[in-house]
Amino acid sequence: MSTLRTILSRIGPLRATLIPGLLLTLIIVLVVQQSQSPHSADDDNADLSSAAHKAALAKRAHNSSLGFGEIVYISMPERTDRQDAMNLLADSFGLQLKLVPGVRGTDMSPKAIPDEVPEKMRPSELGCWRAHADAWRYLLESDLETLLIFEDDVDWNPNLKQTFETLSLQMQDSKVRLTHPSDYERKIAPYGLDWDVLYVGSCKDGGNPDFNGVVQVWDDPDVPRAEQTSKSTLEALHNFGLSDADIGKKRVLAPAYWTLCTTAYAVTRQGAKRLLLTMSYLGLRAAVDNDMSRIFREGKLRGYTLSPPAFSQFRVGGAKDSDRVDIGQTVEGKGNTQGRSYNIKGSARQWMVDSLKLDNWEEYRRATGAKSTSTETW
């Protein structure tokens, strides 16, 4: 204490008044920062296998990336109509999306085309593959562990975040994974990291007939009814062991084997590397979804398929449904308000339209009691 008094006497009465206050402020700031740190001592000592921790991890499904590192979507630069729709959907459902520009196959250098590409592959299929490969590269160039990839015609059930919270809880206690989750996975990965690809938006799927019993089944109130489900998905669900009474009530997670369409799927860093290796560095044998399915069947890629899927393609009919079809080659379609999805219960796109409906002057009339006197049309 005598040393402290000596120091304070030397620096003067004003500094002697300020320094204790500054020290106290510094201590308070450090305490507050420690209490707000995401890696506090309580986190380090948490029971990672407890129900409370699993539930808290699953709640990350309600964030702007559904619990994945980020969400990206692929869209051709000229399809501003679809980009408008994706931005509307994202804001309506509290999601944050990044655009990965689509690629025109005819613009690719012949030197950049992978080996083994069949002569019959269309330029549009080649460009589609390149855009997905760019998304895999984006993951590897980031510090993310997982990436969820959409195509720009995606639709989903309005209760999507609850669907993924339930999926997280199921995958944390998975019966289909081959290894126990590490502490690192239990801390940061709502869906684990034991997979390369998590297929959550296929238009057709089916399990390996040798392992049809390797499934995880759970009740889900947001599963579509039989009449909302495609014939191929119904067949897959029956092959997974579901009865007719289960259809419309239960969802299945199974090892990925037959998969078609790349409407929505997630990849891990390991998955992105395996996809780039097998579908770029070593060659490409078919359209991106068909070749990915081939690699699953060959056992060179590990994945899981959600059935019925959480995401669906949205179709309006006509040329707008495909970037491969020119205007005038088909009917023009019925428009977005007459579009439809399948394999999902409800439609985020329809919910978005309904939620933004407004009859401004009718609301004024109800509020003021005024009657309409104008019959003028423009």
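I started with Arg274, which is partly exposed because its relative accessible area is 32% (buried is under 20%, exposed over 50%, partly exposed in between, with a 1.4 Å probe and protein chains only). I note that this is a predicted model, where local features need pLDDT of at least 70, side-chain atom pairs count only at pLDDT 80 or more, and totals for chains, interfaces and linings use all residues. Residues are numbered from 1 along each chain as its sequence is written, and side-chain values use heavy atoms, with hydrogens and water left out.

**Salt bridges**

I looked up the partner of Arg274. Its side chain meets that of Asp196 in a salt bridge, 2.9 Å from N to O (a side-chain nitrogen of Lys or Arg within 4 Å of a carboxyl oxygen of Asp or Glu). This pair links distant parts of the chain, 78 residues apart. Arg274 sits in helix H10, and Asp196 in the loop between helix H8 (183–188) and S5. Helices (H or I, at least four residues) and strands (E, at least two) are DSSP runs, numbered from the N terminus. Asp196 has a relative accessible area of 2%, so I logged it as buried.

I then took the total: 24 salt bridges. One of them joins Asp134 to Arg130, with the closest N and O atoms 3.0 Å apart. Both lie in helix H6, four residues apart, about one turn of the helix. Arg130 is buried because its relative accessibility is 15%. Asp134, at 26%, counts as partly exposed.

Next came Arg79 and Asp81, whose closest N and O atoms are 2.7 Å apart in their salt bridge. Arg79 is buried at 10% relative accessibility. Asp81 is partly exposed at 33%.

**Disulfide**

I found one disulfide (a pair of cysteine sulfur atoms within 2.5 Å). Cys203 and Cys261 form it, with their sulfur atoms 1.8 Å apart. The pair links distant parts of the chain, 58 residues apart. Cys203 is in the loop between strands S5 (197–201) and S6 (204–206), Cys261 in the loop between S9 (258–260) and S10 (264–268). The link is right-handed, with 70° about the S-S bond. Both cysteines are buried.

**Helix H11**

How many of the eleven residues of helix H11 are buried? Eight are, so this helix (residues 288–298) is largely enclosed by the rest of the structure. Among the buried ones I listed Val288, Met292, Ile295 and Phe296. Just after H11, Gly299 takes a positive phi of about 80°.
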